[in-house]
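Student: I would like to learn how to read a model like this one, feature by feature. Please show me the structure, and start with a single residue.

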Amino acid sequence: MKMLINVPETVVADALRGMAACHPELIVDVENRVIVRRDAPVEDKVGLVSGGGSGHEPLHGGFVGPGMLDAACPGEVFTSPVPDQMVRAAAAVDSGKGVLFIIKNYTGDVLNFDMAAELAEDEGIQVAKVLVNDDVAVTDSLYTAGRRGTGATLFVEKIAGAAAAEGAPLERVESIARRVNELSRSFGVALSPCSTPSKGGPTFELPAGELELGVGIHGEPGRERRAMMTSHEIADYAVQVVVEDLRPENPVLLLVNGMGATPQLELYGFAAEVHRALGERQVAVARTLVGNYVTSLDMAGASITLCQVDEDLLRLWDAPVRTAGLRWGA
């Protein structure tokens, strides 16, 4: 397997050096593996910190900046960051108004963020935590007790980030983040496995002519394997599963997310089918985001995430954001 790297051992450090060179608005601590917006801590603002294993870019480091995260902690590929990173990040962004940890539901992430919260509070930093567990594909998986945290992480980070930017207190930012997670559901499909630098090849076997329905963002098994389906058929399957679980009564935000190796041409074709399938089920779409945002290295495939929104949540979604991976507004 050919990869655009030097050696597997330095993949994350090399990527962080590149991020530092390309984004002077960020402070990228390559040695300690922490990415912080340069103007942190922002006066009278709740700080938002997230993180997880590398390989899901632009999640999370690409979402550091005004209107979203204040800091991110990248681990090694598909490996949780350690508590020291999270404590360092919390200290860097704490203005005295507290810090919210946004945690994807994977066992290592949960344990390490829990430990980091205790350590940060020992240093006088008020910490709240929100767990993201939006994946409806399976309950319990290789790295998870309960549902996995996937595409809704973007919605939580963006909407909670907007609330924090408006000056909302920690309790309010936490409540909004928790609500966004509760109103979100995701489902992913793999057309090919991903390949990690350390292994130099696929992390699981997926025979030619088959796809994995309900795959996780680390290549975890989903619900079932089937013979290859059309975009129309995949959209019907994924939308039905998500809508049955979410039962939306309000309009939704829609994320049509590439897993890393699926081109925009295919993603927009898939987005058309998802819109069709939602329309047939009388689900109104308020906003759509299409692209590679919560990825699995070089996996081919896609996921969909729906989040029910009211006027307030939609306003926060539309609020300005300026990060490496997501930007709009003033």
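Tutor: Pro 41 is placed in the loop between strand 2 and strand 3. Helices (H or I, at least four residues) and strands (E, at least two) are DSSP runs, numbered from the N terminus. The model is predicted, so local features need pLDDT of at least 70 and side-chain atom pairs count only at pLDDT 80 or more, while totals for chains, interfaces and linings use all residues. Residues are numbered from 1 along each chain as its sequence is written, and side-chain values use heavy atoms, with hydrogens and water left out.

Student: Is the peptide bond from Ala 40 to Pro 41 cis or trans?

Tutor: Most residues other than glycine have a negative phi, and most peptide bonds are trans. The bond from Ala 40 to Pro 41 is cis, with omega near -5°. Another cis bond runs from Glu 57 to Pro 58, with omega near 10°. Pro 58 sits in the loop between strand 3 and strand 4 (71-77).

Student: Which residues other than glycine have a positive phi?

Tutor: Arg 33 is one of them, with phi near 60°. Arg 33 lies in the loop between strand 1 (26-29) and strand 2. Arg 247 also has a positive phi, of about 50°, and is found in the loop between helix 6 and strand 12 (252-258).

Student: Is Arg 33 buried or exposed?

Tutor: Buried means under 20% relative accessible area, exposed over 50%, and partly exposed in between (1.4 Å probe, protein chains only). At a relative accessible area of 17%, Arg 33 is buried. Arg 247, at 64% relative accessibility, is exposed. Asp 310 counts as partly exposed, at 27%; this residue lies in the loop between strand 14 (301-308) and helix 8.

Student: Where is Lys 45, and what does Lys 45 touch?

Tutor: Lys 45 is in the loop between strand 2 (34-37) and strand 3 (47-54). Its relative accessible area is 8%, so Lys 45 is buried. Contact means heavy atoms within 4.5 Å. Not counting residues up to four places away in sequence, Lys 45 touches Arg 37, Asp 70, Ser 95, Lys 97, Ala 164 and Ala 165.

Student: How should I read sequence separation against distance in space?

Tutor: Take two C-alpha pairs. Lys 45 and Thr 196 are 151 residues apart in sequence and 38 Å apart in space. Asp 310 and Ala 286 are 24 residues apart along the chain, with 9.8 Å between their C-alpha atoms. Over the chain, 73% of the contacts with a separation of 6 or more are between residues 24 or more positions apart.

Student: How many aromatic pairs does a search of the whole structure find?

Tutor: Rings of Phe, Tyr and Trp (its six-membered ring) pair if their centres lie within 6.5 Å; planes under 30 degrees apart count as stacked, over 60 as edge-to-face and the rest as tilted. The search finds four pairs. Among them, Phe 155 and Trp 317 are edge-to-face, at 5.3 Å centre to centre with 80° between the planes. Phe 155 belongs to helix 4 (residues 152-165) and Trp 317 to helix 8 (residues 311-318), so this pair ties together parts that are 162 residues apart in sequence. Phe 155 is buried at 0% relative accessible area, and Trp 317 is buried at 5%.

Student: What kind of pair do Phe 187 and Tyr 237 form?

Tutor: Their pair is tilted, with 5.7 Å centre to centre and 45° between the planes. Phe 187 is in strand 7 (residues 184-190) and Tyr 237 in helix 6 (residues 231-246), so the pair ties together parts 50 residues apart in sequence. Phe 187 is buried, with a relative accessible area of 2%; Tyr 237 is buried as well, with 16%.

Student: Which residues form one aromatic cluster?

Tutor: Phe 155, Trp 317 and Trp 328 do.

Student: How many helices and strands are there in the chain?

Tutor: The chain has eight helices and 16 strands. Of its 330 residues, 56% count as buried. The C-alpha atoms fill a box of roughly 55 × 50 × 35 Å, taken along the principal axes.
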